[in-house]
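Visitor: I would like to learn how to read a few features of a model. Please take them one at a time.

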Amino acid sequence: MENRIKPLNIKGTAKTPDIRYSPEKHSIEIKGKSIPENHAVFFTPVMNWLNDYIEKAPEKTRVDVYLEYFNTSSSKVLLKIFKTLEEIQTKHKDIEIYWYYEEDDLDMKECGQDYQSMINVPFNMIEVEGG
């Protein structure tokens, strides 16, 4: 059985984020807006990929999250994603999450801080200049 990590490359739309895995960098990127019509339909392939990734994760994984906006259902799925990533740490692998927020976006900063308090992985808050 092949032990390669399947590619993950979901192109974002006006309502859904780009979600990509870069095997060269061992990094997962979630970027854009997340207000899908049906969060289960959009995120199920991501969760399936992540469950497979747990078994094959490299020694270190970086997760970059730069969301402009997300709705409540996306918020719940993000927590589920972070909790799934947390499982990887139980296998003695390193996970590091980088949460990007614009300097004037206090809501997005608070959301990152909330996630930071709910999961047990290194969670870095990164302030970026607004556009």
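Visitor: Does Glu103 count as buried, partly exposed or exposed, and why?

Guide: This is a predicted model. Buried means under 20% relative accessible area and exposed means over 50%, with partly exposed in between. Glu103 has 41% relative accessibility, so it counts as partly exposed.

Visitor: Where is Glu103 found?

Guide: Glu103 lies in the loop between strand S5 (94-102) and helix H3 (106-118). On the surface, Glu103 gathers with Asp104, Glu127 and Glu129 in a patch of negative charge.

Visitor: What order do the strands of the sheet have?

Guide: Strands of a sheet pair through backbone hydrogen bonds, either parallel or antiparallel. Here the sheet is open, its 6 strands run in the order S1-S2-S3-S4-S5-S6, and the pairing is mixed. Strand S1 (9-10) and strand S6 (123-128) are the edge strands, each pairing on one side only.

Visitor: In which sense do S4 and S5 pair, and over how many bridges?

Guide: Strand S4 (residues 60-70) pairs with S5 in the parallel sense, over 7 bridges. Thr61 in turn stands opposite Ile95 in S5.

Visitor: How many residues of S5 are buried?

Guide: Of the 9 residues of S5, 7 are buried, so S5 is largely enclosed by the rest of the structure.

How values were computed. Residues are numbered from 1 along each chain as its sequence is written. This is a predicted model: local features need pLDDT of at least 70, side-chain atom pairs count only at pLDDT 80 or more; totals for chains, interfaces and linings use all residues. Side-chain values use heavy atoms; hydrogens and water are left out. Patches are made of residues with over 30% relative accessible area and no salt bridge: like charges are joined within 9 Å, nonpolar side chains (Val, Leu, Ile, Met, Phe, Trp, Tyr) within 5 Å. Accessible areas come from the Shrake-Rupley method with a 1.4 Å probe; for residues, only the protein chains shown count as cover. A salt bridge is a side-chain nitrogen of Lys or Arg within 4 Å of a carboxyl oxygen of Asp or Glu. Lys and Arg count as positive and Asp and Glu as negative; His and the chain ends are not counted. The place of a charge is taken as NZ of Lys, CZ of Arg, CG of Asp or CD of Glu. Helices (H or I, at least four residues) and strands (E, at least two) are DSSP runs, numbered from the N terminus. Buried means under 20% relative accessible area, exposed over 50%, partly exposed in between (1.4 Å probe, protein chains only). Two strands pair if DSSP finds at least two bridges between them.
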